[in-house]
Amino acid sequence: MAGRDTVHIQAQIGVEATKGVAVPANIILPATSFQTGIRPEVSPFRPEGQKYITTAPLDREWTEASISGRPSYTDLAYLLASIMCVPDSEAVDDSDAYEHVYTLNRAAPDAIRTFSVEQGDPSAWSAGQVKAHKFNYGTVTELGLEWRRTAEPTVSGRLMGRQLQTMSQTMTAGTMLDAVPILSGDISLYLDTSLANIGTTQLTDVSRVQWRLGNRFNPRWAINRDEASWSRHTEMPPDLTFQLLMGADAAGMSPLASMRTDSTVFIRLEAESAVEVDDGVPYSLVIDMATKVTATEEFNDDEGTYAIGWTFTATPALAGGVPCIIKLVNAITSI
């Protein structure tokens, strides 16, 4: 019986119209990988007087996948729609480019997208073979973006889904998005102490920037024999941070005063690609976040520069009383 060669295994997603109701997984993210695993909770029992277990019932089962890859102006459109919210999308002037605006609510629930996920070998299937598996209600629960000038940019995170199912038919190959990576050289960073000036004061000696949104959703487990896995997602208090490593000069030490006075600091990450969506409209990303300074690293040597790292945690102080707004421009019409 033929096995599955790792090199042929690919992951595809489909945007669910109704959460947890499977749809064809027809989208391939070119800069993102999913390392999928079955997550069972089994309760072995050994009765008194016996040396070995007599039962091992399955209490709960779900699917998890670790997310890895490279930040991309295209892939992020879907990852952000699952962990942040469904964006407001509109065409940029009369071009083929679209801007997607993701805004986290201060207190109200955030409407998100969930995915049907298929993973496997899309080549011809025949009876008796295991070529692919699938699960629905795929939800991004953690997402991290990191850029350094001396290392490859990375995307990381986690995705949860319902119980995994083996596919009994050929997995239909999906359509791959354009691969447009967000390079460290695309990025400028700004740090200001007033909302009116956000995006004014550029930081010119940052060697590492990390944006992370975690602790976003948990599964809800209900007693219901018609549901083999968790029933819905529940929102949690998000862990939303920026981390900056920069030279310990006047600019690099400026967050200290804000930390001591509990002042709000406004950060903007602005990326613009050399690749254009349409004539005169480049792929782009803007992350705006209102923050409080919540931690600092020890002074350290950063490739010959005396450096310090700061952690900035989101607070709802942007326009409209929200903590974070992300704007993404690409050729995707809607998510």
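## Exercise 1: The second largest pocket

The second largest pocket has a volume of about 320 Å³. A pocket here is an open set of points on a 1 Å grid over the protein atoms alone, where a 1.4 Å probe fits, with protein on both sides within 12 Å along at least five of seven lines; lining residues have an atom within 4 Å of a point. Grid points are joined across faces, edges and corners, and the volume is the space filled by probe spheres set on the points. This is a predicted model, in which local features need pLDDT of at least 70 and side-chain atom pairs pLDDT 80 or more, while totals for chains, interfaces and linings use all residues. Residues are numbered from 1 along each chain as its sequence is written, and side-chain values use heavy atoms, with hydrogens and water left out.

Task: Find which residues lie nearest the centre of the second largest pocket, and how its lining divides by class.

Solution: 

- Step 1. The lining consists of 23 residues, and Ala22, Ser116, Lys134, Phe135 and Asn136 lie nearest the centre.
- Step 2. Strand E7 (115-120) and E8 are the elements that give two or more residues to this lining. Strands (E, at least two residues) and helices (H or I, at least four) are DSSP runs, numbered from the N terminus.
- Step 3. By class, the lining of the second largest pocket holds 10 nonpolar, nine polar and four charged residues. Ala, Val, Leu, Ile, Met, Phe, Trp, Tyr, Cys and Pro count as nonpolar, Asp, Glu, Lys and Arg as charged, and the others, Gly among them, as polar.

## Exercise 2: A closer look at Asn136

Task: Decide whether Asn136 is buried or exposed, and list what it contacts beyond its sequence neighbours.

Solution: 

- Step 1. Locate Asn136 in strand E8, which covers residues 132-148.
- Step 2. Asn136 is buried because its relative accessible area is 18%. The cut-offs are under 20% for buried, over 50% for exposed and in between for partly exposed (1.4 Å probe, protein chains only).
- Step 3. Leaving aside neighbours within four places in sequence, Asn136 is in contact with Glu16, Gly20, Ala22, Phe115, Ser116, Gly161 and Arg162. Contact means heavy atoms within 4.5 Å.
- Step 4. Link this back to the pocket: Ala22 and Ser116 are, like Asn136, among the residues nearest its centre.

## Exercise 3: Strand E14 and its partners

Task: Work out which strands pair with E14 and what E14 gives to the largest pocket.

Solution: 

- Step 1. E14 spans residues 206-214, and seven of its nine residues are buried.
- Step 2. E8 pairs with E14 in the antiparallel sense over six bridges. Two strands pair if DSSP finds at least two bridges between them.
- Step 3. E14 is also joined to strand E17 (residues 239-247) by eight bridges, again antiparallel.
- Step 4. The largest pocket holds about 380 Å³ of space, and E14 gives the most to its lining, with four residues.
- Step 5. That lining has 19 residues, with Arg148, Arg149, Val206, Ser207 and Arg208 nearest the centre. By class it has seven nonpolar, six polar and six charged residues.

## Exercise 4: Aromatic pairs

Task: How many aromatic pairs are found in the whole structure, and how are the rings of Trp62 and Trp221 arranged?

Solution: 

- Step 1. The search finds four aromatic pairs.
- Step 2. The rings of Trp62 and Trp221 have centres 5.7 Å apart and planes at 70 degrees, so this pair is edge-to-face. Rings of Phe, Tyr and Trp (its six-membered ring) pair if their centres lie within 6.5 Å; planes under 30 degrees apart are stacked, over 60 edge-to-face and the rest tilted.
- Step 3. Trp62 lies in strand E4 (residues 58-69) and Trp221 in the loop between strand E15 (217-220) and strand E16 (232-235), so the pair ties together parts 159 residues apart in sequence.
- Step 4. Trp62 is buried at 14% relative accessibility, whereas Trp221 is partly exposed at 23%.
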